[in-house]
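Open the model in your viewer and keep the sequence panel beside it. The tour below goes stop by stop, with something to select at each one.

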Amino acid sequence: MRTDAMLTAYKTIVTREIRRFMRIWPQTLLPPAVTMTLYFIIFGNLIGSRIGVMGGFDYMAFIVPGLIMMSVITSSYANVVSSFFSMKFQRSIEELLVSPVPNWVILAGYVTGGMSRGLGIGLIVTLLSLGFTQLSIHHLPMVILTVFLTSALFSLGGFINAMLATKFDDISIVPTFVLTPLTYLGGVFYSIDLLPGFWQGVSMINPILYMVNAFRYGILGVSDVNPYVALGMILLFIAILSAISLRMLARGKGIRH
Amino acid sequence: MTNALEIEGLVKTYGDGFQALKGIDLHVAEGDFFALLGPNGAGKSTTLGIVCSLVNKSAGKVRVFGSDIDTHLSDAKLNLGVVPQEFNFNQFEKVFDIVTTQAGYYGIPLKKASESAEKYLRQLGLWDKRNTPAMMLSGGMKRRLMIARALVHEPKLLILDEPTAGVDIELRRSMWTFLEEMNRQGTTIILTTHYLEEAEALCRNIAIIDHGKILRHTSKRALLQQLSSETFVLDTAEPLEEAPVLEGFFSHMDDEGALVVDVEKGQSLNGMFVQLEEQGVRVVSMRTKANRLEELFIRMVEDNNPRNTTQGETA
């Protein structure tokens, strides 16, 4: 396939993905906006005023970066897993399989689609947060790099989940039993300095902790971990998940007999 | 002339050990209208699935217009348009979006894709439905949508797996006319169908497959010449309660009350008419029954089915 044709195919996949989540915006864009507003009101305003200072900032300012990251992670993942699995379920994935689009273009298209929703939600939540606190950017490149790479990483995670899933239950298990606990325990609502030594150690094996803290460093300038180590980890995971995804596509795992 | 499709020694063994294809060879010439026939589970869809990259083959070679799917898959796919048996589009998407998106997968820019989509949606009578979500279409419209989608990148080889399944007779005839016109314009067409009347009406060459093996691969004419008898349907002036006994002929009544008579090849029809005259049966019209291929097909498949032999022996 020629390069310009591959670019057209890539744009087609991304356009279709964006069209899909925009068409069902009450399911895709509205819920995280409502949920995050509730978090801001309850945890930030009502409870946060009693908690006081966390990591050198008032509680609302402390949790905003974590909540933005949480919404980016869950939306990126949810977009790819539900879109790709429903294509498998409806067999419309065959439209792609019979076409000459290379596997890496298919993967890039889906990941970009997931990132579009994840980053779009991130932007909506950021704008909402401005109604509750003032945000100043400490390190803009770190903010942009962290949020883009994290969104790409969880889009890849959603893709692998969708490839492996054989029924609708399979696409909700990971978000419910893995992603949500890891996010809540990933330093969104607290600094790990508050934890006893053992649990601090346990927290350090949670990859989401690094992403949340790298992003918080970019906005507030404080972090429980080295943000550059966090970026390196995200890049490493992206490389590993990309390789797994491409291998699955080449073998037709779950999509070809 | 290049063959549109060449298959050599194609084998497919599924994960559970079931061998769906046992080394089939097939070739379809460019410009042909070709039918791949066989009973359920014979291996038709598996064969076409491999050609279209929806099924992984276990062994063998497949070439589409000379492009080997192992080494030049992208070139092979560019020449292929596929209409599957099951509806396989996003039911929530609009008709126009489904067709233009498919064109995009082939690298066709949106402007050109939109022109091509309009051309085929108009030809297939779906232009008025272009902004309708696919789930709102009738079954026949959905089938036509899949044909428009398969043609949007102007493939040289169109593969249709049961294209008229569940479609009413009027629509089926209009789809036949459309496909015949596509074929006249140079598109090679391969179809599988359960309606053998369809294959008999449309196709020039036929392969019959059963239990993963090709039983016959020849022209329709050669195949039909194998028939030793022809079946005539006679409409009578007065309705008959039962078929008259005709010496030298086998006769029976069909479901619609018409008299059906089998005539051996070379046998004169005069004898039949004399006997009917003697029995006071007045024939007002007569036609050949157009399911000759079906008879031949059933005979071949039964001959190939070992269960039938066993049943015959034990009986």
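**Stop 1: the contact between the chains**

Select the residues where chain A and chain B touch. This is a predicted model. In it, chain B puts 25 residues into the contact and chain A puts in 22 residues. Now colour the chain B side by element. α2 (73-78), β6 (80-83) and α3 (95-105) of chain B supply at least two residues each. Which of the elements gives the most to this side of chain B? It is α3(B), with four residues. The side of chain B that touches chain A holds 13 nonpolar, 10 polar and two charged residues.

**Stop 2: chain B as a whole**

Switch to a cartoon: chain B has 11 helices and 14 strands. Of its 315 residues, 40% count as buried. Consider contacts in chain B between residues at least 6 apart in sequence. Of these, 68% join residues at least 24 apart.

**Stop 3: two positive phi angles in chain B**

Select Glu162(B). It sits in the loop between β7 (157-161) and α6 (169-184) of chain B. Its phi is positive, about 50°, although Glu162(B) is not a glycine. Is Glu162(B) buried or exposed? It is buried, because 20 other C-beta atoms lie within 10 Å and the cut-off for buried is 20 or more.

Move on to His211(B), in the loop between β9 (205-210) and β10 (213-219) of chain B. Here too is a residue other than glycine with a positive phi, near 50°. His211(B) has 18 C-beta neighbours inside 10 Å, so it counts as partly exposed.

**Stop 4: a kinked helix in chain A**

Hide chain B and select residues 30-51 of chain A. This is helix α3, and it has a kink of about 25°. Where is the kink centred? Look at Gly44(A). Gly44(A) is also one of the buried residues of α3(A).

Then go past the end of the helix. Gly52(A) follows α3(A), and its phi is positive, near 90°.

**Stop 5: a helix pair in chain A**

Select α7 (residues 140-164) and α10 (residues 207-220) of chain A. Their axes come within 8 Å and cross at roughly 155°. That crossing angle is why α7(A) is roughly antiparallel to α10(A). The crossing is left-handed.

Show the side chains at the contact:

- From α7(A): Met142(A), Val143(A), Thr146(A), Val147(A) and Thr150(A).
- From α10(A): Met211(A), Ala214(A), Phe215(A), Tyr217(A), Gly218(A) and Ile219(A).

How many charged residues does the contact of α7(A) with α10(A) have? There are no charged residues, against eight nonpolar and three polar.

Note on methods: Residues numbered from 1 in each chain as written. Chains lettered and ligands numbered in written order. Predicted model: local features only at pLDDT ≥ 70, side-chain atom pairs only at ≥ 80, totals over all residues. Contact = placed C-beta atoms within 7 Å. Nonpolar A, V, L, I, M, F, W, Y, C, P; charged D, E, K, R; others polar. Bend = angle between axes of the 7 residues up to and from the residue. Buried ≥ 20, exposed ≤ 12 C-beta atoms within 10 Å, placed from the backbone. Axes fitted to C-alpha atoms, helices over the stretch in contact; angles between N-to-C directions. Parallel < 35°, antiparallel > 145°, perpendicular 65-115°, else oblique. Left-handed = near helix turned anticlockwise from the far one by under 90°.
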